[in-house]
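Let's take a walk through a model with more than one part. Have a look at it first, and then we'll go through it piece by piece.

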Amino acid sequence: MFRTKSDNGVNNMSIRSQLLKGVLDGCVLAMIEKEEIYGYELSQKLQAFGLMGISEGTIYPVLLRLQKSNWIVGTMRPSGNGPNRKYYSLTNEGKENLKRIRSEWNLLNDPITKILRGDEDANNC
Amino acid sequence: MQTTVKELVKQNNEKRKILTSENQKYYENMLVYIRTNALKSERATEEVLLEMLDHLIEAQKEGKSAEDVFGKTPKELAEEIIETLPKETFKDMLDFGFEIAFTLFGWYLAISGLFPLITRQDQTIHLGSVFLSAVCLISSIILLIYFIFRVIKRNAFEDKVTKSKVHWLFGLLFVLLLGIGISVNYFFDPFGPSLTISFMFEFGLGCFFLLAAFLFKKMRESK
């Protein structure tokens with residue numbers, strides 16, 4: 001995990017997880033959209049994208065929540081040589097909601113970046 | 001065919017043996033904490049527990065510890081998981097309630113029904129007393145189960161010392177509650193309408209309850 005010198009890592013992590021809370025669901029949905037995937041694989045791929053500093057376990061409440069809202073479904077399947085694994089895939093409802101999350105994120109992404117960067121006013125690009 | 005809940009628990013027990021002792025301790029604390037939530041779907045609970053165990057086993061192969069995987073605050077993660085687990089259906093909860101009630105009353109009736117069965121004497125019972133006794137027994141059991149769940153949950157992330165102390169308390173309270181439930185008949189004079197029952201009735205009813213409990217159990221385990 002990366003830590004800055006001036007701050008302690010714990011604080012950075014909790015800020016990061018606070019910020020992530022709203023968008024982690026979207027990230028998980030987007031990963032599942034690409035291919036059917038199981039828990040461990042999912043956490044590794046999120047980390048491979050550079051999403052560090054959140055514990056791998058936090059994907060499980062997310063997966064449970066998404067299943068409860070019927071955005072994803074999990075099916076047990078034997079995996080190559082390993083144990084039976086629960087592979088997740090998007091439902092139609094999940095696909096629609098991912099689309100919605102993407103467009104909402106696009107609406108927020110630009111203004112928030114500008115605001116946090118400290119731009120003088122709205123026209124300044 | 002879908003794996004039964006019983007099978008999931010068995011798999012979990014087997015796979016846990018692969019864990020290092022440190023990881024096993026961490027995982028089992030979380031498992032106990034998550035399992036002691038009676039109102040959540042048993043299947044969903046066991047499924048996510050097994051999923052997390054598989055995850056931990058794979059991570060362990062790469063030299064990661066349970067703390068690396070599930071973080072420094074397992075209790076918070078466990079709470080979050082419990083919160084997001086789907087509720088048990090009302091029917092399943094009712095079935096399980098019947099199973100417990102039939103088991104307890106089945107044993108109680110079958111054992112106390114042995115005496116009239118041996119002496120071959122018909123009995124006179126007073127419905128009021130019988131009713132009061134039943135209510136006392138049921139509420140003492142509910143209280144006990146609630147207490148056990150609460151204590152187990154509280155102690156999930158504590159050390160071993162407090163655990164053994166707590167076990168003592170369990171035993172004491174259990175004996176006390178059961179004693180009151182059974183002997184409540186002798187504290188009050190028999191009351192309510194009385195009727196005479198055959199010497200075989202109590203034992204027979206007990207056996208019938210035990211059979212019903214057995215069927216409920218089989219039904220639950222086949223899910």
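Domain bounds here come from an automatic or database domain assignment. On that basis, chain B splits into domain 1 (5–84) and domain 2 (90–221). Before we go on, keep in mind that this is a predicted model, where local features need pLDDT of at least 70, side-chain atom pairs count only at pLDDT 80 or more, and totals for chains, interfaces and linings use all residues. Residues are numbered from 1 along each chain as its sequence is written, while chains are lettered from A and ligands numbered from 1 in the order in which they are written.

Back to chain B. The C-alpha centres of its domain 1 and domain 2 are 33 Å apart. Where do they touch? Contact means that the C-beta atoms of two residues, placed from the backbone, lie within 7 Å. By that rule, 8 residues of domain 1 of chain B meet 6 residues of domain 2 of chain B. On the domain 1 side, α2 (21–35) and α5 (74–84) of chain B are the elements that give two or more residues, and α2(B) gives the most, with 3 residues. These element names are DSSP runs numbered from the N terminus: helices are H or I with at least four residues, and strands are E with at least two.

Now for chain A, starting with two helices. Helix α2 (residues 39–48) and helix α3 (residues 59–68) of chain A pack at an angle of about 115°, with their axes 11 Å apart. The axes are lines fitted to C-alpha atoms, for helices over the stretch in contact, and the angles run from 0 to 180 degrees between N-to-C directions. Which residues meet? A:G39, A:L42 and A:S43 come from α2(A), and A:I59, A:Y60 and A:L63 come from α3(A).

Chain A also has an open sheet of 3 strands in the order β1-β3-β2, with antiparallel pairing. Strands pair if DSSP finds at least two bridges between them. At the edges sit β1 (37–38) and β2 (72–78) of chain A, each pairing on one side only. β1(A) joins β3(A) in the antiparallel sense over 2 bridges, and A:Y38 stands opposite A:Y87 in β3(A).

Finally, how do the chains meet? Here 15 residues of chain A are in contact with 17 residues of chain B. On the chain A side, α2, α3 and β3 (84–90) each supply at least two residues, and α3(A) gives the most, with 5 residues.
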